[in-house]
Amino acid sequence: MLGIKEAVERLRSGGVVAIPTETVYGLAAEVTNLQAIQEIFFLKRRPSDNPLIVHVSSLKQLSEISKPLTELELSIINKFWPGPLTLILPRKKKVLDAVTAGLETVAVRMPLHSLCLDLLQRTGPLVAPSANLSGTPSPTKKEHVQNDFGPSFPILDGGACSIGLESTVISCRTSHLSTTRKNVSANSKTPSQSDIIIYRPGAISEKQLSEFGTVEYYSASQAEHDSAGSIPILPSPGLKYRHYAPKARVEWLSSIDRLREVTETSIVLLLDKTQLVDQAQAVEGTISSQELAQSFNLVDCEGSWERFGQLLYDTFRVADIENYTHVFVQDIRLSTATSSLKDALTNRIEKAISGQ
Ligand code: TXA
Ligand code: MG
């Protein structure tokens, strides 16, 4: 474990350090240090065509990385930064190709975490993908980083992440869909009509963004194709990689009946146990509330979406460590309660279920 001074020293001398943010832990290096950036790709076993997010602590730092912002981008940044929102912006030439994977754009965010902001003020902009091995769930506390990179890995410990899900990733320049790469055939362009495109849902929701313009989720049909017309070129390369999945099989717990299938090799993550107990009492012949209360490895978030977000990846990791075969997750899509986290959580759980 490192103190902030040691973390600064290590980063300045070209090292890689795991750092806390409000979303998930990141694997950080100086944005200008090619060798350290290559080390991140090596450590994570991350494909080199998957670009990194740059973290900044001020608009001045942002201006070192990105070309001037549009009015829309500026108002969105003023509203949501520091916070769990990443913007894809036109990059300055001096940004290393290794950071952007050769794209003309760069992803940037300002984290809402005082220790991380303090660090960034001292070091300048840092690249930081999530501090997990590619294909494992993002780390939401230092123990998760240690699981993936070993007990003596240098970590700046900022406690458990308050959100627990990766940032929302957006672009406010729909023309990016047709200008991000060379070799794109003209007739395969399908630029979006919306002001804001969400590439990855996160804690900043579609509804919150819609106060600033029309919003749409990125869909695979918007992907461009290379000049041969066959290989889709995704504007957010990370979309094509498998993410978030534990080894255990993840399933929605959509009906109370399914609790009968839960065995001692399962772990159950509930948004609200009381709701399920009420459901159970209403359906004769199903599991009793007493049975449910005593059942197996049950994690109950007592109706708190924030708690649910904080515990999702932890539950996936516990399942792997304890060799559980199944993770049953209460079907939040059926919940009448609303939350700005609902879309992001549904997205991550669906990815874990489908293994994509
Ligand atoms: O909350 C977060 O965003 C965390 C913390 C550490 O800040 N970081 C994170 O980074 O989740 P990572 O690398 O795991 O995910 C970054 C995503 C990837 O899907 C990547 O493809 C996409 O952002 N991305 C990065 N640069 C991009 C660019 N220039 N254009 C499109 N997508 C980009
Ligand atoms: Mg990641």
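Two strands pair if DSSP finds at least two bridges between them. Helices (H or I, at least four residues) and strands (E, at least two) are themselves DSSP runs, numbered from the N terminus. With that in hand, here's the sheet: nine strands form an open, mixed arrangement in the order β1-β2-β6-β3-β5-β4-β7-β8-β9. Its edge strands, β1 (17-19) and β9 (215-217), each pair on one side only.

Strands of a sheet pair through backbone hydrogen bonds, either parallel or antiparallel. Inside this sheet, β3 (residues 53-55) and β5 (residues 105-109) go the parallel way, over three bridges. V54 has V108 in β5 as its bridge partner.

## Where the numbers come from

This is a predicted model: local features need pLDDT of at least 70, side-chain atom pairs count only at pLDDT 80 or more, and totals for chains, interfaces and linings use all residues. Residues are numbered from 1 along each chain as its sequence is written, chains are lettered from A and ligands numbered from 1 in the order in which they are written, and side-chain values use heavy atoms, with hydrogens and water left out.

## The chain as a whole

The protein chain has 13 helices and 15 strands. Of its 356 residues, 55% are buried (under 20% relative accessible area; exposed is over 50%, partly exposed in between, with a 1.4 Å probe and protein chains only). Contact means heavy atoms within 4.5 Å. Among contacts with a separation of 6 or more, 72% link residues 24 or more positions apart.

## Helices on the sheet

Helix α1 (residues 4-12) lies across β1, β2 (26-30) and β6 (126-127), at about 55° to β2. Helix α4 (residues 71-80) lies across β4 (85-90), β7 (168-171) and β8, at about 155° to β4. For these angles, axes are lines fitted to C-alpha atoms, for helices over the stretch in contact, and angles run from 0 to 180 degrees between N-to-C directions.

## A closer look at S194

S194 sits in the loop between α8 (176-179) and β8 (196-200). Is S194 buried or exposed? Its relative accessibility is 11%, so S194 counts as buried. Beyond its neighbours within four places in sequence, S194 touches T174, T214, V215 and E216.
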